[in-house]
Amino acid sequence: MAERDVPEEYLEGYARILADASATGRRLTRDELDSRRALGEQAAEAGFGLRALVGAHLAATRTHWPARKGACADTIMAAAAQALDAFAEGYERAQRHAVRQEEAARREFIDDLLYGRSDLGRLAQRAERYGLRLSTAHAVAVARGEAAYDEGDVVPQDVERALIARFGDRSILLTTKDGRLVCIAPGDQDEVLAFFAKQAYAATNGGRVAIGRPQPGAAGVVQSYEEALNTLDLADRLELDEPVLRAADLLVYPVLARDRQAMTDLVASVLGPLQRARGGAEPLLETLTAYFDAGCVATVAARRLSLSVRAFTYRLERIHKLTGADPSDPVHRYTLQTAVIGARLLGWPT
């Protein structure tokens with residue numbers, strides 16, 4: 001905004017202050033400083049730029065420079081600087097207040113969006129302010145590191161800068177929730193979430209990222225977010241090593257865990273006999289886990305457990321003898337593997 005566009009009302013009393021300072025050599029009174037701060041706040045709230053306001057004050061200083069003979073330039077400039085400093089203080093105070101209000105509104109919107117609160121129509125209107133069109137499908141990715149993050153922290157800011165530099169304005173919302181990084185992107189732009197996962201993994205020093213499936217509407221954002229959170233929880237319980245996990249790839253696990261009583265019965269029936277082994281069930285359960293994770297290749301599984309192939313094969317034979325199920329038999333293998341997954345989901349036997 002040009003200097004001439006700044007209304008005179010934001011310079012009210014300034015000429016008098018310069019004249020009095022020139023005549024008496026005094027500093028500004030408390031009331032005068034307060035009036036400058038109030039005008040600064042009003043100018044900020046009205047949307048005027050600080051550069052234009054400073055320019056207007058400098059122009060007014062030249063215009064109203066006292067013509068009285070013997071006027072001290074140092075005194076006049078000191079009064080001008082004092083007035084402008086108070087004006088800028090009020091301006092900055094109003095800006096900080098506006099930023100706090102904006103942050104509070106943004107946080108309230110994010111909470112409502114991720115928890116499915118608020119009227120859907122109003123939520124959709126608020127979403128447009130942050131670049132989201134909830135009439136289309138969206139997917140949510142959640143990244144978790146060793147530390148908890150807030151929006152003002154270095155890690156989320158670095159990730160956001162990388163996203164903006166790569167994709168620009170693509171209706172992406174990056175935020176934090178409960179110490180985790182959260183990225184919401186249109187459901188047809190999987191490359192955005194994949195890039196977010198890569199950046200978040202690096203920024204969090206090897207944290208884990210989960211990506212929910214694209215879902216339509218405002219309720220779909222909630223569903224995709226919950227899928228991502230559940231995927232992180234599953235990864236912990238199943239001790240998965242992958243740094244980036246997709247809910248779409250792990251759908252079988254929620255299905256298996258849905259009927260907890262049936263899963264408990266399966267684990268107790270199939271794997272319960274392992275508890276009679278010397279050393280308990282855990283070493284043999286670890287053996288089965290490694291065997292299935294290695295694609296049922298004994299040599300690979302033995303290497304992962306730092307065992308000889310003979311020792312590993314002996315453990316498989318022991319499992320067969322105790323449970324009556326042969327891990328090398330396709331039919332028995334399916335039952336054992338399902339039971340092992342259930343044991344990991346349930347935290348059995350601990």
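Q: Leaving aside its neighbours within four places in sequence, which residues is Val340 in contact with?
A: Val340 is in contact with Leu271, Leu285, Leu288, Thr289 and Phe292; contact means heavy atoms within 4.5 Å. Do keep in mind that this is a predicted model, where local features need pLDDT of at least 70, side-chain atom pairs count only at pLDDT 80 or more, and totals for chains, interfaces and linings use all residues. Residues are numbered from 1 along each chain as its sequence is written, and side-chain values use heavy atoms, with hydrogens and water left out.

Q: Is Val340 buried or exposed?
A: Val340 counts as buried because its relative accessibility is 2%. Buried means under 20% relative accessible area, exposed over 50%, and partly exposed in between, with a 1.4 Å probe and protein chains only.

Q: Where does Val340 lie?
A: In helix H14, which spans residues 330-346. Helices (H or I, at least four residues) and strands (E, at least two) are DSSP runs, numbered from the N terminus.

Q: How do H8 and H14 cross?
A: The axes of H8 (residues 217-238) and H14 come within 7 Å, and they cross at roughly 110°. So H8 is roughly perpendicular to H14, a label for angles of 65 to 115 degrees; under 35 counts as roughly parallel, over 145 as roughly antiparallel and the rest as oblique. The axes are lines fitted to C-alpha atoms, for helices over the stretch in contact, with angles from 0 to 180 degrees between N-to-C directions.

Q: Which residues meet there?
A: From H8 you have Leu234, Arg237 and Leu238, and they meet Ile341, Arg344 and Leu345 of H14.

Q: What about Asp236, what does it touch?
A: Asp236, found in H8, touches Arg144 and Arg208, not counting residues up to four places away in sequence. Asp236 is partly exposed, because its relative accessible area is 38%.

Q: New topic: strands. Which sense do S1 and S3 pair in?
A: Antiparallel, over six bridges, with S1 covering residues 137-144. Two strands pair if DSSP finds at least two bridges between them. Val142 stands opposite Val182 in S3.

Q: And how many bridges join S2 to S3?
A: Five, and these strands also run antiparallel, with S2 at residues 173-177. Leu174 has Cys183 in S3 as its bridge partner. In the hairpin of S2 and S3, two residues sit between the strands, and Asp178 takes a positive phi near 55°.

Q: How many residues of S3 are buried?
A: Six of the seven residues in S3 (residues 180-186) are buried, making the strand mostly covered.
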